[in-house]
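Please keep the sequence and the model in view while reading.

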Amino acid sequence: MTLKVYCDRMSQPSRAILIFCKMNGIDFEEITIDIFKNQQHTPEYKAINPMSQVPTIVDGDFTLFESHTILIYLSCKYPGVASHWYPSYLIVRAKVHSVLDWHHANLRRGSVGVIMNSVIYPLKGIPSNPKANEEAEKTLEKALTVLETFWLKDGPFLVGRSQPSITDLNLVSEVMALEILSEELHDRILSPYKKVLQWVENTKSATTPHFEEIHGVLFKTKKEFRAQLALKSGKNE
């Protein structure tokens with residue numbers, strides 16, 4: 001049976017799963033769950049994923065969610081997956097897991113907080129919370145500093161690898177989500193981190209043409225969101 005991937009290309013972890021499958025020639029059916037229309041909360045989808053989150057995969061009778069676990073599962077199941085995605089050498093694999101564990105409590109926490117406070121809440125007309133926004137920015141900047149000075153200190157990809165692993169897909173998708181911020185805020189946050197910016201380019205090059213294809217919806221939405229925010233603020237970009 002064909003692997004089913006329930007996802008939304010506006011979702012950072014969904015993009016990581018899709019790029020991985022395409023890069024490794026895994027046959028799958030992409031089923032879009034529109035998170036901006038709250039389709040993840042429908043009874044039909046909650047029967048598949050009670051957590052009401054994307055992505056989810058259904059592989060025959062087996063259902064799995066949580067993007068990190070999905071990528072590990074796919075890496076182990078499909079023999080055609082290149083070894084650099086999920087290295088077999090124990091020490092390197094342990095380093096991969098350490099990045100994945102760090103990701104959710106640090107980079108993801110910061111990026112989601114900044115995006116929600118700077119873009120999503122204003123678009124929905126929800127009053128801003130300057131303190132929450134400030135804390136989210138601090139969390140994100142701290143995470144980017146660790147990414148710049150520690151995880152990327154030994155090579156072009158995470159944990160000193162010469163080729164990308166599943167960690168690069170997950171974390172790059174997270175950084176790319178910042179594209180929907182205003183141009184000024186995006187540049188202010190990211191411009192100090194030269195290694196991070198180069199790593200994004202390295203990962204993009206290593207996963208071409210799928211990187212651009214999968215991020216196409218994000219790039220389109222970025223223009224729409226920036227235009228809407230400009231209208232709400234009475235400014236023109």
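In this predicted model, strands β1 and β3 run antiparallel and are joined by 3 bridges. Helices (H or I, at least four residues) and strands (E, at least two) are DSSP runs, numbered from the N terminus, and two strands pair if DSSP finds at least two bridges between them.

Residues are numbered from 1 along each chain as its sequence is written. Because the model is predicted, local features need pLDDT of at least 70 and side-chain atom pairs count only at pLDDT 80 or more, while totals for chains, interfaces and linings use all residues; side-chain values use heavy atoms, with hydrogens and water left out.

Strand β3 covers residues 56–59 and strand β4 residues 62–65; the two run antiparallel and are joined by 4 bridges. Within this pair, valine 58 has threonine 63 of β4 as its bridge partner. The two strands form a hairpin with 2 residues between them, and glycine 60 in the turn has a positive phi of about 70°. Both faces of β3 are covered: Thr56 and Val58 on one side, and Ile57 and Asp59 on the other, are all buried. Here buried means under 20% relative accessible area, exposed means over 50%, and partly exposed lies in between (1.4 Å probe, protein chains only).

On the parallel side of the sheet, strand β1 (residues 3–7) pairs with β2 over 5 bridges. Cysteine 7 stands opposite threonine 32 in β2. Taken together, the 4 strands form an open sheet in the order β2-β1-β3-β4, with mixed pairing. The edge strands are β2 (28–32) and β4, each of which pairs on one side only. From one strand to the next, the twist averages 20°.

Two helices lie across this sheet. Helix α1 (residues 12–23) lies across β1 and β2 and runs at about 150° to β1. Helix α3 (residues 67–77) lies across β1, β3 and β4 and runs at about 130° to β4. For these angles, axes are lines fitted to C-alpha atoms, for helices over the stretch in contact, and angles run from 0 to 180 degrees between N-to-C directions.

The loop between α1 and β2 contains asparagine 24. Is asparagine 24 buried or exposed? At 15% relative accessibility, asparagine 24 counts as buried. Not counting residues up to four places away in sequence, asparagine 24 touches Gly80, Val81, Ala82 and Trp85, where contact means heavy atoms within 4.5 Å.

Attention now turns to how the helices pack. Helices α4 and α6 pack at an angle of about 5°, with their axes 10 Å apart. That makes α4 roughly parallel to α6; angles under 35 degrees count as roughly parallel, over 145 as roughly antiparallel, 65 to 115 as roughly perpendicular and the rest as oblique. The residues in this contact include Trp102 and His103 of α4 and Asn170 and Leu171 of α6. By class, the contact of α4 with α6 has 9 nonpolar, 4 polar and 2 charged residues. In this division, Ala, Val, Leu, Ile, Met, Phe, Trp, Tyr, Cys and Pro count as nonpolar, Asp, Glu, Lys and Arg as charged, and the others, Gly among them, as polar. Helix α6 (residues 166–176) is mostly covered, with 11 of its 11 residues buried.

Helix α4 (residues 90–123) also packs against helix α10 (residues 216–233), at an angle of about 70° and with the axes 10 Å apart. The helices α4 and α10 are therefore roughly perpendicular to each other. Ser118, Val119, Ile120, Pro122 and Leu123 in α4 meet Phe225, Gln228, Leu229 and Lys232 in α10. The residues of this contact of α4 with α10 divide into 6 nonpolar, 2 polar and 1 charged.

Finally, the chain may be viewed as a whole. Its secondary structure comes to 10 helices and 4 strands, and along the sequence the pattern is β-α-β-α-β-β-α-α-α-α-α-α-α-α. The radius of gyration of the chain is 18 Å, close to the 18 Å that the globule rule gives for 237 residues, so the chain is as compact as a globular protein of that length. This radius is taken over C-alpha atoms, and the globule rule is 2.2 Å times the number of residues to the power 0.38. Of the 237 residues, 49% count as buried.
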